[in-house]
Number of protein chains: 2
Amino acid sequence: MLCALAGGVGAARFLAGLIRAVPPADVVAIVNTADDETFHGLHVSPDLDSVTYTLAGASNTAQGWGLEGETFAALSALRRYEPDTWFQLGDKDLATHIYRTRRLREGAPLSVVTAEIAAAWDLGLTLLPMTDDAVRTRISVEDGRELAMQEWFVRERSEPAVRSVSFAGAASATPAPGVLSALRAADTIVICPSNPVISIGPILAVPGIRDALEARRSRVVAISPIVGGAPVKGPADRLMGPLGIEVSCVGVAASYAPFCSTLVIDAVDAARAAEVEALGVRAVVADTMMLSPDIAAALARRALAAVA
Amino acid sequence: MLCALAGGVGAARFLAGLIRAVPPADVVAIVNTADDETFHGLHVSPDLDSVTYTLAGASNTAQGWGLEGETFAALSALRRYEPDTWFQLGDKDLATHIYRTRRLREGAPLSVVTAEIAAAWDLGLTLLPMTDDAVRTRISVEDGRELAMQEWFVRERSEPAVRSVSFAGAASATPAPGVLSALRAADTIVICPSNPVISIGPILAVPGIRDALEARRSRVVAISPIVGGAPVKGPADRLMGPLGIEVSCVGVAASYAPFCSTLVIDAVDAARAAEVEALGVRAVVADTMMLSPDIAAALARRALAAVA
């Protein structure tokens, strides 16, 4: 059995490769929910949905978010009532949020609703939110404001300089049912190529999860989301730097070293392998640019073999 | 000032005429909310929306419900999660329900949300729900089941024979703010051509409203929704008969006589005027088939003049 810690799009692409490399039923993905947000009263789980839609082959790959062939009739109509709508919600995507919100209001935990949605999309793997509790990333920016993740990332295009990041609710959160047992039972734990600060960071902030990884350090392998000194996608550079993490595979290694024995770095960073290893993290060089599911599957095989 | 008791489409067409006949700002419409239903966790107010969309010129007149140019992408996508979705909710229509639901969950009373929605559509008249409380029409049918209005009307196409009708929650409901004062202050109270049993009936079942009409009986005029022994639209015949109300303008007169001095009947029913008047209700003959807003405006003028 394999366990994967996952954020959004990068993780989704890696997981699409992973379930080509191993039987999907053997994979448990533990997904960040600290980016979850309520829009128009609807509970949106961006990372869970990115993973679900990508694995179902339904995501809009050109756009990088949302569903293929999406329309925005409802959102356009909502602007009549709420003019300053800045978060894009497609009509098909809305259906997921409407369903999730109804089930949560009925009292179903997020983990149960997530399993229902995964089943509806015929995902072969197990998808778990990191917690059923509300944990929310808060980003303090230079002008003194504290922003929700989507406010900073989407509304303000990651522009305000970051002072600090916190995960509201994390201290009192509990891992979702199945999370700790999966981490304990897994042959291998993969940290997907996701934002270390705001995708993997919140998962590790849920009490018990980081300890579980530390206890399995020799079986934990990460894929660096930083290639050639820049994130493959997303705003990781805008978050790592201000928090004192070098924007490089070496910075990722330094950050993950306490609980991760092995880091897969891209071929373009091969020259930095010695620096990674100096941190006590084994460096494995591979092609990490997942331009196709086949490349992602090869990357997954390489990562698994590295800690086999 | 004029007050109108209103159900759905028939009332909406009449109101569209009424606000051509008098300044819209002088009109307060009190709308049935006993057909309200929760679909997918969203609060749907069919009669309020029919009135709003019709008065805004945005309704799908060919179809008889919903918005013009509507699409159904979200509902199609929802079927992935909830296969037995039988209530049609268009994408643009969903925006109204999403907004209303959010505001209600925030604690806003339905009357406040209704005013917000009316303002967003630039309706000139005042739209009031009959009550801010939950009143729900329950229809007992011959096989012993008790159905919600939309279950009977939409899901089961008005087919199950009706035994009885009740309005759950009515006894403890309070008229929405502004309802009783409008009924007391109005020069004329118009009962729109709506289903007497399940559109006007629930409004009258809210304690205080029927008394307010009785106290103003000489100024209350109704338009018969039954023309030539059949409803112009909708299932009134399937409800009036089993409840002992003749499916005719005479049956409407008998039902409204305690609180209504004047009934506008269609020209095709002119021969029954004497029967109406024998019930103590003045009969006024007019063209009640509102094939255009101009005809509706003429009908409104005729009704107002009848009790002037």
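Modeller: Helices α4(A) and α5(A) are oblique to each other, because their axes cross at roughly 140 degrees. Angles under 35 degrees count as roughly parallel, over 145 as roughly antiparallel, 65 to 115 as roughly perpendicular, and the rest as oblique. This is a predicted model: local features need pLDDT of at least 70, side-chain atom pairs count only at pLDDT 80 or more, and totals for chains, interfaces and linings use all residues. Residues are numbered from 1 along each chain as its sequence is written, while chains are lettered from A and ligands numbered from 1 in the order in which they are written.

Helix α4 of chain A spans residues 91-105, and helix α5 of chain A spans residues 110-120. Helices here are DSSP runs (H or I, at least four residues), strands are E runs of at least two, and both are numbered from the N terminus. The two axes come within 10 Å. Each axis is a line fitted to C-alpha atoms over the stretch in contact, and angles run from 0 to 180 degrees between N-to-C directions. The crossing of α4(A) and α5(A) is right-handed (the near helix is turned clockwise from the far one by less than a right angle).

From α4(A), the contact uses A:Thr96, A:Arg100, A:Arg103 and A:Leu104. From α5(A) come A:Leu110, A:Val113, A:Glu116 and A:Ile117. Contact means C-beta atoms, placed from the backbone, within 7 Å. By class, these residues split into 4 nonpolar, 1 polar and 3 charged. Ala, Val, Leu, Ile, Met, Phe, Trp, Tyr, Cys and Pro count as nonpolar; Asp, Glu, Lys and Arg as charged; the others, Gly among them, as polar.

Now the partner chain. The contact between chains takes 22 residues from chain A and 22 residues from chain B. On the chain A side, α3 (73-78), α4 and α5 each supply at least two residues. Helix α4(A) gives the most, with 9 residues. That side of chain A has 12 nonpolar, 4 polar and 6 charged residues.

Then the sheet. Chain A has an open sheet of 7 strands, in the order β5-β2-β1-β9-β10-β13-β14, with parallel pairing. Strands pair if DSSP finds at least two bridges between them. The edge strands are β5 (126-129) and β14 (282-286) of chain A, each pairing on one side only. Twist averages 25 degrees from one strand to the next. Strand β13 of chain A (residues 262-266) is joined to β14(A) by 5 bridges. A:Ile265 has A:Val285 as its bridge partner in β14(A).

Notes: Two residues are in contact if their C-beta atoms, placed from the backbone, lie within 7 Å.
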